[in-house]
Amino acid sequence: MASDPKVHLFEEVAKHNKTKDCWLIISGKVYDVTPFMDDHPGGDEVLLSATGKDATNDFEDVGHSDSAREMMEKYYIGEIDTSTVPLKRTFIPPQQTPYNQDKTPQFVIKILQFLVPIFILGLAFAVRSYTKEK
Ligand code: HEM
């Protein structure tokens, strides 16, 4: 039986963020891609930008081929302790409140601009027909 893979802490993996020392976290696994930096068809800068975080989405977004996935095995150095990985960045600032505040009065004013002249016109007609009858 193969020996258990080494489990790395996120903090430790994140330190390897240089061209000459580059580790990646992809799908719960840790890869030391230092020897691959010059040969990566996507360039070394994208690999560097994928350090210090869970790079699974970055890796999958590119749509890597099966041969790329086979290649990864060469650089596998262990698993990541997932409890040490910071939560994914999902910053969606709730901007709806100021939006509605701005739009509601505008909407009411537009309706009033339409209704007030109609009301005045109706009033004029009512007064006119009332005075005519007399
Ligand atoms: C161990 C990790 C990785 C391996 C072995 C690897 C391997 C490869 C290979 C073989 C290709 C050529 C196209 C293909 O066969 O799919 C490629 C392209 C590419 N990779 Fe990676 N890659 C890795 C990680 C990453 C990561 C983390 C990113 C993004 C941050 C990335 C971004 C790209 C880009 C942008 C291309 C170029 C796509 C194109 O222009 O056609 N790669 N990679």
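**Exercise 1.** State in which sense β3 and strand β4 pair, and over how many bridges.

*Solution.* Start with the term: two strands pair if DSSP finds at least two bridges between them. Strands are DSSP runs of E with at least two residues, helices are runs of H or I with at least four, and both are numbered from the N terminus. β3 and β4 (residues 29-32) pair in the antiparallel sense over 4 bridges. In this pairing I26 stands opposite K29. The two strands form a hairpin with 2 residues between them, and S27 in the turn has a positive phi of about 50 degrees.

The model is predicted: local features need pLDDT of at least 70, side-chain atom pairs count only at pLDDT 80 or more, and totals for chains, interfaces and linings use all residues. Residues are numbered from 1 along each chain as its sequence is written.

**Exercise 2.** Find how strand β2 is joined to β3.

*Solution.* β2 (residues 17-18) runs antiparallel to β3, and 2 bridges join them. N17 stands opposite C22 of β3. Here too there is a hairpin, with 2 residues between β2 and β3.

**Exercise 3.** Explain why β3 is largely enclosed by the rest of the structure.

*Solution.* A residue is buried if 20 or more other C-beta atoms, placed from the backbone, lie within 10 Å of its own; it is exposed if 12 or fewer do, and partly exposed in between. In β3 (residues 21-26), 5 of the 6 residues are buried, so the strand is largely enclosed.

**Exercise 4.** Name the element that gives the largest share of the shell around the ligand.

*Solution.* The ligand is surrounded by 21 residues; the closest are P41, G42, D58, S65 and A68. The elements giving two or more residues to this shell are α2 (44-49), α3 (56-62) and α4 (66-72). The largest share, 4 residues, comes from α4.

Notes
A residue is near a molecule or strand if its C-beta atom, placed from the backbone, lies within 6 Å of it.
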